[in-house]
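Have the sequence and the 3D view ready, and follow along.

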Protein chains: 2
Amino acid sequence: MTTPRTGGAQGYLRIAAEEAFTTPELVAAFRDELAAPDVDPGFRSLIGFYLDHPAERPRFIARALNDLGENRIADMDARGIDRQILALTAPATNVMRDVERATMVAQTANDRLADAISRYPTRFSGMAACAPQAPKLAAREIERAVTRLGLNAVVINSHILGEYLDNPKFQEVLEAAEALDAPIYIHPNTPPANMIGPMLEAGLDGAIFGFGVETGMHALRLITSGVFDRYPKLQVIIGHMGEALPFWLYRLDYMHQAGVAAGRYEFMKPLKKGKVSNYLRENFHITNSGVAWEEAVKFTQRVIGEDRVLYAMDYPYQCPVEEVATLDAMDMSLETKRKFFQTNAERLFKIS
Amino acid sequence: MTTPRTGGAQGYLRIAAEEAFTTPELVAAFRDELAAPDVDPGFRSLIGFYLDHPAERPRFIARALNDLGENRIADMDARGIDRQILALTAPATNVMRDVERATMVAQTANDRLADAISRYPTRFSGMAACAPQAPKLAAREIERAVTRLGLNAVVINSHILGEYLDNPKFQEVLEAAEALDAPIYIHPNTPPANMIGPMLEAGLDGAIFGFGVETGMHALRLITSGVFDRYPKLQVIIGHMGEALPFWLYRLDYMHQAGVAAGRYEFMKPLKKGKVSNYLRENFHITNSGVAWEEAVKFTQRVIGEDRVLYAMDYPYQCPVEEVATLDAMDMSLETKRKFFQTNAERLFKIS
């Protein structure tokens, strides 16, 4: 196994599409939220672990998240990553009950991110943070970040204080993203208090399982509630090999049609494009963050489309160089591999 | 497309491994539970729909569940199903707070099932119902059903009043199943009250999504809690293409190892066999109930093993004859197809 290098000698650049950073303002807000009464149980489990657990992995992650300079570039070089698409780390502002502070944290993060990109324009791109719990301000911040700071997408860390983007209260956020042609990356969050019970009890609330439940459900309810009939040009990105929705495709279509035909739920009306799968193939892009596995990458390319499946590393949460080498070695044409590692991301994030 | 017929002319018999029936005693208990105070919200959503909704699909299902005679045989003939492995329909006894009644409902169902099998011994096999909320009685009933009634497995409809089989209180149930070499089919249930919140709100609590969350999590926590280190010969069957766990395999292994290495959770200790995937490949069998999709069947055969992937129809919940024809037409060797449709089930359920 040769060590992957940057520069594209293998026939493609490697653009990693779900890479995380933090800011001092976010860390301070996390600490205050952790100390507040009635803290969200998933947040306490997740951020309590990453901020303060003494084990090697959380300590490496805490250090690496804070760096947008030479150490990060060196880590990218050592792993053959040409460019990171950066996003403020989960759950970012989504958990903050102080709406004014959440908005400030997002704005500061976008300013810091734009600054880092200006220092390393060939190595970094980024997604806009926002605080959707203040929808009008969030829409304004998305517009500022895209048009004035040059950011290329929006990141929203799944549920917002227990609510989801299909809720009409968030319509300005979706409108802004669609109008600006900025894809929304729905990054995982831990499940909210009314969904986390048995997962938390069993230690399955985080990346091992709960993240996928939460984020897959969020993506699915955007579809079944008709969000993409209202915002047909909106593009949503989900990671972790589509949070297993590609594998569920047959059952989603079958049971959605059965539910609609029976009129079982007020929430589930007929959709303009009919099947759930039509929306996954036309309004979604999927990254393989956390899943360096040829079987799953190729499955998703076959059932969703190879123009919609993108590479992501998930730095610094999961970043062994061996995973890059494994993906380089996939039995896949160079043309398809170039789409996966490079050109799908260039098109989606408008990187030239 | 030719209509599938029974008899094995295509080179294999079709044994369908997750087929449902009900009894008058269960229907009466469901009605009483629905009328009781503080009814489980998932139960009300699911069984309220199937018992009383006027749409065509729930009315067909209610009729078909009640028949263990000529009408069922005719439906099997029309779909080319040689044998059904029958299980008392979900959530069966799991939701009943009256433990004595739950035990009685299970016993009566097993007697009725054994009677139906004696009338159609070449067409029906069956799984034992039990009421795990009374673990000692449940273990005794499993023993009676397997040794005296000739049933071939045990069905448990996921959570038992919000608790899971890794809870030590259920140890007699697992011991009995292992000692009798009777596999446990973990059939879906709706998520319990402390996990169903946003899924119920969005109409995603049932077969379209919530079933998979609930049952996949149940299977996963059996693994991560060390159940199979304590009961190494225990075999568990899960349907719906493994509730997506095969597709999650890489991430489950990675994040489980990361969690164990960091000592993040009291609940998650190192496992004897190391990786989660080792248990999925050695202690699980997977049926394709509800997923008549070549891509997913073959993916699961590749990553779990073709000796562990079995056919199921999910009659009467999902039973279009076209699905049988689609699976007959899979691009797969006759030898592998015979394992899938026939011989894996014969071995697992000891059908001769």
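Helices (H or I, at least four residues) and strands (E, at least two) are DSSP runs, numbered from the N terminus. This is a predicted model, in which local features need pLDDT of at least 70 and side-chain atom pairs count only at pLDDT 80 or more, while totals for chains, interfaces and linings use all residues. Residues are numbered from 1 along each chain as its sequence is written, and chains are lettered from A and ligands numbered from 1 in the order in which they are written.

**A loop to start with**

Look at chain B and find helix 15 (321-328) and helix 16 (334-348): the loop between them holds B:Met332. For the scale, a residue is buried if 20 or more other C-beta atoms lie within 10 Å of its own, exposed if 12 or fewer, and partly exposed in between, with C-beta atoms placed from the backbone.

Which residues does B:Met332 touch, not counting residues up to four places away in sequence? They are B:Lys298 and B:Lys337. Here, two residues are in contact if their C-beta atoms, placed from the backbone, lie within 7 Å. B:Met332 and B:Glu294 are 38 residues apart in sequence, and in space they are 9.2 Å apart, C-alpha to C-alpha.

**The sheet in each chain**

Now for the strands. In chain A, 8 strands make an open sheet in the order 1-2-3-4-5-6-7-8, with parallel pairing. Strand 1 (15-21) and strand 8 of chain A are at the edges with a single partner strand each, so one side of each has no neighbour in the sheet. Chain B also has an open sheet of 8 strands, with the order 1-2-3-4-5-6-7-8 and parallel pairing. Its edge strands are strand 1 (15-21) and strand 8 of chain B, each pairing on one side only.

Two strands pair if DSSP finds at least two bridges between them.

| Strand pair | Bridges |
|---|---|
| Chain A: strand 4 (residues 153-156) and strand 5 (residues 184-186) | 3 bridges |
| Chain A: strand 6 (residues 236-238) and strand 7 | 3 bridges |
| Chain A: strand 7 and strand 8 (residues 309-310) | 2 bridges |
| Chain B: strand 6 (residues 236-238) and strand 7 | 3 bridges |
| Chain B: strand 7 and strand 8 (residues 309-310) | 2 bridges |

Let's zoom in on strand 7 (residues 284-287) of chain A. A:Phe284 and A:Ile286 point one way, A:His285 and A:Thr287 point the other way, and all are buried. A:His285 is the bridge partner of A:Ile237, while A:Thr287 stands opposite A:Leu310 in strand 8 of chain A. From strand 7, the chain crosses through helix 14 of chain A to strand 8, and this β-α-β crossover is right-handed. That label applies if, with the strands pointing away from the viewer, the path from the first strand over the helix to the second runs clockwise.

Chain B's strand 7 (residues 284-287) is covered on both faces: B:Phe284 and B:Ile286 on one side and B:His285 and B:Thr287 on the other are all buried. B:Val236 stands opposite B:Phe284, and B:Ile237 stands opposite B:His285. In strand 8 of chain B, B:Leu310 is the bridge partner of B:Thr287.

**The nonpolar core**

A nonpolar core is a set of buried Ala, Val, Leu, Ile, Met, Phe, Trp, Tyr and Cys residues joined through C-beta atoms within 7 Å. The largest one has 240 residues, and A:Ile142 and B:Ile142 are among those that touch the most other members. Leaving out residues up to four places away in sequence, A:Ile142 touches residues including A:Val154, A:Leu180 and A:Cys130.

**How the two chains meet**

Chain A can be laid on chain B by a turn of 180° and a shift of 0.0 Å along the axis, with an RMSD of 0.0 Å. That is the relation of a two-fold axis. The superposition is by least squares on the C-alpha atoms of residues with pLDDT of at least 70 in both copies. A:Met195 comes closest to the rotation axis of the residues of chain A, at 1.8 Å (C-alpha).

How many residues of chain A are in contact with chain B? The count is 54, and they meet 54 residues of chain B. Helix 12 of chain A supplies the largest share of the side of chain A that touches chain B, 12 residues. The copies meet through the same surface, because 100% of the interface residues of chain A are also interface residues in chain B.
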